[in-house]
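Subject: Structure for your review

Dear colleague,

Please find below the sequence and structure that I am handing over to you.

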Amino acid sequence: MTADVPERPLISQPPATVGALRRAVAKIMPASLPEFESQLADAVDEAFDGAQRRVEFGPLWRFTTRWAVYVWIERQPQVAARFRELEGLVVELDDREQIRAATSELGRILDDAHEAIGLGKR
């Protein structure tokens, strides 16, 4: 990793609510805000469609969980840089053991994120 990447989180981890996550995304990765809004609209549509048939808020839970994990990673520049580096390695590598090691480390980062936002291990 490069030495100019800050070690401390850019912001505190926000609660996994739509408003708090929207503010966090707008602050630390504003280019992702259109994707956030699009996915929120899809999750709301899916939840309302499901609610017409039965009470189901899974789409909204999945949406807030996905973005809470994303914010947890992106608010820590060194973790975010390593995550992107590992994603690139998985695509570029040919050696199965190296791919396995990279995906294992990606999984640990995701597990840490789930633990940090109160969801425990995936």
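Predicted model: local features only at pLDDT ≥ 70, side-chain atom pairs only at ≥ 80, totals over all residues.

Overall fold

The chain contains five helices and zero strands. Read from the N terminus, the order of elements is therefore simply α-α-α-α-α. Along the principal axes, the C-alpha atoms occupy a box of roughly 50 × 30 × 25 Å.

Contact of α3 with α5

Helix α3 spans residues 58-74 and helix α5 spans residues 96-116; their axes come within 9 Å and cross at roughly 110 degrees. Angles of 65 to 115 degrees count as roughly perpendicular, and α3 and α5 are therefore roughly perpendicular to each other. The crossing of α3 past α5 is right-handed. On the α3 side the contact is formed by Thr65, Val69, Trp72 and Ile73, and on the α5 side by Ile109, Leu110, Asp112, Ala113, His114 and Ala116. Seven of these contact residues are nonpolar, two are polar and one is charged.

Contact of α4 with α5

Helix α4 covers residues 77-92. The axes of α4 and α5 also come within 9 Å, and they cross at roughly 145 degrees. Here the crossing is left-handed. From α4, the residues Val79, Arg82, Phe83, Leu86, Glu87 and Val90 meet Ile99, Ala102, Thr103, Glu105, Leu106, Ile109 and Leu110 of α5. This contact comprises nine nonpolar residues, one polar residue and three charged residues.

The largest pocket

The volume of the largest pocket is about 170 Å³. Its lining consists of Arg66, Val69, Tyr70, Ile73, Glu74, Phe83, Arg84, Glu87 and Leu110. The elements that contribute two or more residues to this lining are α3 and α4, and α3 provides the largest share, with five residues. By class, the lining has five nonpolar residues, no polar residues and four charged residues.

Yours sincerely

Notes:
Residues numbered from 1 in each chain as written. Heavy atoms only, no water. Axes fitted to C-alpha atoms, helices over the stretch in contact; angles between N-to-C directions. Helix = DSSP H or I, 4+ residues; strand = E, 2+ residues; numbered from the N terminus. Parallel < 35°, antiparallel > 145°, perpendicular 65-115°, else oblique. Left-handed = near helix turned anticlockwise from the far one by under 90°. Contact = heavy atoms within 4.5 Å. Nonpolar A, V, L, I, M, F, W, Y, C, P; charged D, E, K, R; others polar. 1 Å grid on protein atoms, 1.4 Å probe; cavity = no way out; pocket = protein on both sides within 12 Å on 5 of 7 lines; lining within 4 Å. Points joined across faces, edges and corners; volume = space filled by probe spheres on them.
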